[in-house]
Amino acid sequence: MKKLFRILLILLGIIILGFAGLLLYITQALPNVGPAPDIKVEATPERIERGHYLANFVMGCVTCHSVRDWNTFAGPVVAGTEGQGGELFDQKLGFPGIYSAKNITPAGLKSWTDGEIFRAITTGVNKDEKPLFPIMPHPNFGLLDSSDILSVIAYVRTLPNIDHEVAKSSSDFPMNFIIHLIPQKAHLAPIPSKSNKVDYGKYLVTAASCHTCHTKEEKGKFVGPDFGGGREFYLNDGLILRSANITPSKTGIGAWTEEMFLKKFKDFADSNYVAPKISEIGYQTLMPWTSFAQMTNEDLSSIYAYLKTLHPVDNFVLKVDKKG
């Protein structure tokens, strides 16, 4: 009996050591997406202009890495804070840790090479080889055209310097281990021709991370159905926000014409539009309407064309609710 007990203890010790070794490997050897590319972005006026459009109105870089006025509907960016970082995505919002948007002005990226920025955007690994939580949607950005990523880099290098220290990000258990498994090598692909509205629209939907927000997610995994809405976001005022169903079903955008779709966005860009205060309407949204409204009609039309090809999902979403 003692011999059996000794054998069991040895086996248990081997299992514990093996598990500890696995965790050590995960935290020390991963992520492994390769070195940052040795590149120097040529900051041409055309590239900076394209980067400005993408970073401000499509990919959400400036929206997330600035201060947003959450007392106003859709949380517009506070002028003068563009790129300074500091927005927190924490447990109160339903995230498995505390994640701080970094300072992406030249002051915050002064020690970063263009290649390190490129790798961070497309794979989720920072200059110190540490993983980035995909609230910065690097899995989507890693599917874009390399030229668009270079344009974003060229543009953020032109942002006004803002010396602003932001809090360090940290993950709760077990995300502090899981996060090391998330970054993957990029699978960059050429941007489709604008003449192919559906494929080009899909590209824009990827760049804008529509699937990420409009698909239900639980414990870091999408549980679908794709684009069917229902992803929950928690606000400090006790409300739950759920993303809309944007599939072409009767509970989504099935009855929407292209004109209605474009108007939904462009109303927020109208010179007469004044964003209401939350105290007046009683609810908020995380959808950056005022940013996306600046997309061109051509791009919004392409997004609409792609969304109309999706599988219709019959899923009515109660968009605003109170916590349990």
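**Backbone features and overall build of the predicted model**

Glu 129 is found in the loop between helix H4 (114-123) and H5. In this predicted model, Glu 129 adopts a positive phi of about 70 degrees although it is not a glycine. With a relative accessibility of 43%, Glu 129 counts as partly exposed.

One runs from Leu 30 to Pro 31, with omega near 0 degrees, and Pro 31 has its place in the loop between helix H1 (2-29) and H2. The other links Gly 224 to Pro 225, with omega near -5 degrees; Pro 225 lies in the loop that runs between strand S5 (221-222) and strand S6 (232-234).

Turning to the helices, H8 (residues 197-207) has Tyr 200, Gly 201, Tyr 203, Leu 204, Val 205, Thr 206 and Ala 207 buried. The cover over the buried residues of H8 includes helix H2 (45-58), helix H5 (138-141), helix H6 (146-156), helix H9 (210-213) and helix H13 (297-307). Just after H8, Ser 209 takes a positive phi of about 60 degrees.

Strand S2 (residues 97-100) pairs with S3 in the antiparallel sense over 2 bridges, and Gly 97 stands opposite Ser 171 in S3.

For the protein as a whole, the secondary structure comes to 13 helices and 8 strands. The radius of gyration is 22 Å, which agrees with the value near 20 Å that a compact globule of 324 residues would have. Along its principal axes, the C-alpha trace spans about 85 × 50 × 40 Å. Of the 324 residues, 44% count as buried. Among contacts between residues at least 6 apart in sequence, 68% join residues at least 24 apart. The accessible surface comes to about 17500 Å², with 59% belonging to carbon and sulfur atoms. Finally, the mean positions of the 33 positive and 32 negative charges are 10 Å apart.

Definitions and conventions: Residues are numbered from 1 along each chain as its sequence is written. This is a predicted model: local features need pLDDT of at least 70, side-chain atom pairs count only at pLDDT 80 or more; totals for chains, interfaces and linings use all residues. Side-chain values use heavy atoms; hydrogens and water are left out. Helices (H or I, at least four residues) and strands (E, at least two) are DSSP runs, numbered from the N terminus. The radius of gyration is taken over C-alpha atoms; the globule rule is 2.2 Å times the number of residues to the power 0.38. Buried means under 20% relative accessible area, exposed over 50%, partly exposed in between (1.4 Å probe, protein chains only). Contact means heavy atoms within 4.5 Å. Accessible areas come from the Shrake-Rupley method with a 1.4 Å probe; for residues, only the protein chains shown count as cover. Lys and Arg count as positive and Asp and Glu as negative; His and the chain ends are not counted. The place of a charge is taken as NZ of Lys, CZ of Arg, CG of Asp or CD of Glu. Two strands pair if DSSP finds at least two bridges between them.
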